[in-house]
Amino acid sequence: MPKGISVGKTVEVTSNEDGFLGSYSEAKVLARVDRDKYEVEYTKLLDDRDANKFLREVVEAALVRPLPPEIRVSGFDVLDKVDAYDNEVWWVGRVTGMDGPNRYSVYFDSSGDEYTYPFHELRVHQEYDDGQWVTPERKGKVYSAL
């Protein structure tokens, strides 16, 4: 199993489905199906067939990553790459401006849309690369995980 991923762990799963392309959803690993697949149960997404159950599915291992470490920041600047929490998943975007105190406009390349989010629904975007968390480089900023 890849580093940080094992049965019982909470992870994030990225989606290739229309309408969710590039989003990250929290899920629990239920089983390793084979060398390249996991069975997961999402912690927020409900099953379309039974709204009383969370969605379970088998996903490619390449789509699964550990939960990113928390990085505390006091605010964001224009062009910062962030994840915005919307519709029970995290979406990758860029800050385009402020819309009042502690509210940020975020543009999403994946859809071409721009929405406004309160600070608490944003996090520093991080990529999981070869077992390591990598933050985007920004002039004059150093991010560190807690």
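How much of the chain is helix and how much is strand over residues 74–130?

## Annotated regions

Over residues 74–130 the chain is 0% helix and 60% strand, with the end C-alpha atoms 29 Å apart. Helices (H or I, at least four residues) and strands (E, at least two) are DSSP runs, numbered from the N terminus. This is a predicted model, where local features need pLDDT of at least 70, side-chain atom pairs count only at pLDDT 80 or more, and totals for chains, interfaces and linings use all residues. Residues are numbered from 1 along each chain as its sequence is written, and side-chain values use heavy atoms, leaving out hydrogens and water.

Residues 3–72 are 0% helix and 51% strand, and their end C-alpha atoms are 24 Å apart.

## Aromatic pairs

Let's turn to the rings. Rings of Phe, Tyr and Trp (its six-membered ring) pair if their centres lie within 6.5 Å; planes under 30 degrees apart count as stacked, over 60 as edge-to-face and the rest as tilted. The count comes to eight aromatic pairs. F76 and F119 have ring centres 5.7 Å apart and planes at 45°, so this pair is tilted. F76 lies in the loop between β5 (64–66) and β6 (81–86) and F119 in the loop between β9 (113–118) and β10 (122–124), so the pair ties together parts 43 residues apart in sequence.

F76, Y104 and F119 form one aromatic cluster.

## Charges over rings

A charge sits over a ring if NZ of Lys or CZ of Arg is within 6 Å of the ring centre and within 35 degrees of the ring normal. R123 lies over the face of W90, 4.1 Å from the ring centre. The charged end of R65 sits over the ring of Y24, at 3.7 Å from its centre.
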